[in-house]
Amino acid sequence: MNYQIKSYEQYQKDYAASVADPQGFWASVAEQFVWRKKWDTVLQWDFLKPDVQWFINGKLNITENCLDRHLAALGDRPAIIWEPNGTDEPHRVLTYAQLHDYVCRFAAVLRNSGVKKGDRICIYMGMVPELPVAMLACARIGAIHSVIFGGFSAQSIADRLQDAGSEFVITCDGAYRGPKDIPLKNTIDDALAACPAVKRVIVYQRTHCPVSMIKGRDVWWHEELQAVSESNLPAEEMDAEDPLFILYTSGSTGKPKGVVHSTAGYMVYATYSFVNVFQVQPGDIHFCTADIGWITGHTYIVYGVLCAGGTSLMYEGIPTYPDAGRLWDIVDKHQATILYTAPTALRSLMAHGLQPLAGKSLSSLRVLGTVGEPINEEAWHWYDDHIGKNRCPIVDTWWQTETGGIMLSNIAGITPAKPGYATLPLPGIQPVLVDEQGTLIYGNDVSGNLCIRFPWPSIVRTTYGDHERCRTNYFAAYEGLYFTGDGCYRDENGMYRITGRVDDVLNVSGHRIGTAEVENAINMHTGVLESAVVGYLHDLKGQGIYAYIIMQSMPDDAAHTQADILQTITRVIGAIARPDKVQFVHGLPKTRSGKIMRRILRKIAEGETDNLGDTSTLLDPGVVEEIMQGKV
């Protein structure tokens with residue numbers, strides 16, 4: 001890995017080179033992967049169409065980079081360590097040699113089922129090793145996988161199957177997640193009532209719950225596997241720009257967006273960002289707590305880790321099952337060296353106090369990371385003090401499904417960290433701030449809308465089946481720029497802090513106020529577990545501030561507690577940031593990846609509850625009804 005950054009000086013040098021000569025920079029990184037045929041041209045791009053192509057006419061297969069190239073030196077090294085949901089079941093280890101064999105055999109199963117290069121395969125599974133096996137088997141034969149998180153409703157699955165034109169589904173009979181058993185196959189059956197085009201469903205047996213198996217359509221994973229002997233299936237040759245996968249994200253219109261990532265560009269950037277941000281060393285055990293159904297799991301459990309020859313520790317369950325010490329038990333049991341998790345998870349664990357940490361060593365940890373949302377300072381310091389013991393750098397990573405990999409982040413132990421800040425761009429990433437008219441905002445100590453002005457290898461290529469939607473969503477707002485949809489502050493030293501979605505940056509009496517800033521202040525108040533702040537139409541100020549707050553326990557005197565919290569905000573930010581309305585709630589509407597669906601909170605605050613848009617990714621829809629009933 002000759003592209004690993006070893007010092008702050010090298011970061012500066014590499015960053016400058018990546019801007020001055022992007023093609024030369026990325027060619028030197030890409031040279032270190034296995035290619036069937038090298039590219040003719042490194043890059044062609046036009047953000048107006050948009051049309052971005054990397055490593056043009058290069059030929060490769062990503063699984064040869066994830067698996068085959070490691071067999072000689074790392075064949076006996078663990079590729080995946082799997083920790084089950086319950087503590088009464090043994091963990092599993094798949095070495096690189098075993099994973100290669102498993103992927104080849106399951107790829108043969110797919111071939112026998114009639115899967116061809118370019119077919120779209122829906123994968124709807126729990127967090128078991130067979131999920132990455134299924135993804136890699138698809139990639140092995142050139143099929144495009146579309147992983148759907150194993151908690152979506154039948155309607156959400158049907159929407160995605162229809163949009164992708166999937167004729168094949170891979171699922172489990174059921175899944176374990178904390179104290180719950182999730183009936184995956186039953187949900188698939190309900191979805192397929194609206195998807196007659198699906199001709200084959202392969203079912204992995206996990207929970208042994210009763211399921212309906214339809215003759216001619218449904219087959220058991222283990223039985224199909226027994227019928228093949230292929231242990232070294234040749235990988236299909238793919239073009240650099242062939243789609244690798246589709247991953248759906250929710251849109252406000254109710255129709256999911258199928259984000260399409262390419263083969264070569266995604267591979268190069270996923271691996272580069274993984275190796276550098278986390279400063280990966282030989283022997284590292286990388287524990288990412290995300291679900292593979294989300295982009296974080298795709299990049300930093302599967303593709304980035306395996307392409308780098310690392311060991312990926314994946315966990316089937318949730319952080320608080322069977323108790324709030326489970327993550328720390330897993331870290332100690334497997335001697336994890338890198339922990340990558342979400343601020344939401346950290347705040348939920350903080351609420352349990354320090355008792356779950358009693359007797360936990362955590363001495364194996366070397367690097368900590370956060371993902372999914374800006375981390376508030378209180379959670380950052382708790383993570384630093386109690387998990388990292390003030391000796392592990394924390395990388396606060398900002399990126400998106402559409403970016404494929406981490407874009408802004410400190411590099412562990414190399415570049416400076418600052419609580420609440422994603423800090424600096426990785427080499428190859430050229431962020432700019434613009435005002436509402438798209439005018440570039442220069443200098444430091446400034447705020448604006450975050451855009452990227454030059455393509456990076458893993459940039460979204462299209463929205464599946466609707467390229468115009470891709471253009472309007474990401475490239476139409478500001479001509480010649482990729483628009484992230486996020487607001488951002490660049491401090492006096494040029495470090496970046498994400499202030500929330502642009503529609504989450506409030507304009508109160510002419511003052512721009514980031515919702516993350518207000519939430520951070522609210523969360524500093526004693527007794528506050530979590531908060532979410534949105535704007536609503538205000539007669540005098542243009543926008544008023546509406547705060548939804550979760551307390552450790554519901555206050556006996558709500559008015560008094562509210563006054564105390566407002567005083568805290570005044571002290572931390574100033575009176576201008578004081579919410580006009582405060583509602584104490586038991587929960588917030590979150591996606592299964594832990595993000596707060598603020599547009600729902602905005603609509604409730606505005607009283608527009610007739611159409612809440614796409615709520616298919618909500619973890620607990622019941623929370624929304626409770627909030628609506630208690631609206632201030």
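1. Within strand 5, Thr95 is the bridge partner of Pro78, and strand 4 (residues 78-83) pairs with strand 5 in the antiparallel sense over 4 bridges. Pairing here requires that DSSP finds at least two bridges between two strands, while helices (H or I, at least four residues) and strands (E, at least two) are DSSP runs numbered from the N terminus.

2. The model is a predicted one, in which local features need pLDDT of at least 70 and side-chain atom pairs count only at pLDDT 80 or more, whereas totals for chains, interfaces and linings use all residues. Residues are numbered from 1 along each chain as its sequence is written, and side-chain values use heavy atoms, with hydrogens and water left out.

3. An open sheet of mixed pairing is formed by 7 strands in the order 5-4-17-16-18-19-20. Strand 5 (92-95) and strand 20 (394-396) stand at its edges, each with a single partner strand, so one side of each is left without a neighbour in the sheet.

4. Helix 5 (residues 96-112) lies across strand 4 and strand 5, running at about 85° to strand 5; axes are lines fitted to C-alpha atoms, for helices over the stretch in contact (heavy atoms within 4.5 Å), and angles run from 0 to 180 degrees between N-to-C directions.

5. Strand 1 (residues 41-46) and strand 2 (residues 51-56) run antiparallel and are joined by 5 bridges, forming a hairpin with 4 residues between them.

6. His261, found in strand 15 (residues 257-262), is buried (under 20% relative accessible area, 1.4 Å probe, protein chains only), with a value of 0%. The His261 side chain reaches the backbone oxygen of Thr401 at 2.8 Å and that of Ser458 at 3.2 Å.

How values were computed
Buried means under 20% relative accessible area, exposed over 50%, partly exposed in between (1.4 Å probe, protein chains only). A polar contact is a pair of N or O atoms within 3.5 Å; within protein, one must be able to donate a hydrogen and the other to accept it, and residues adjacent in sequence count only if both atoms are side-chain atoms.
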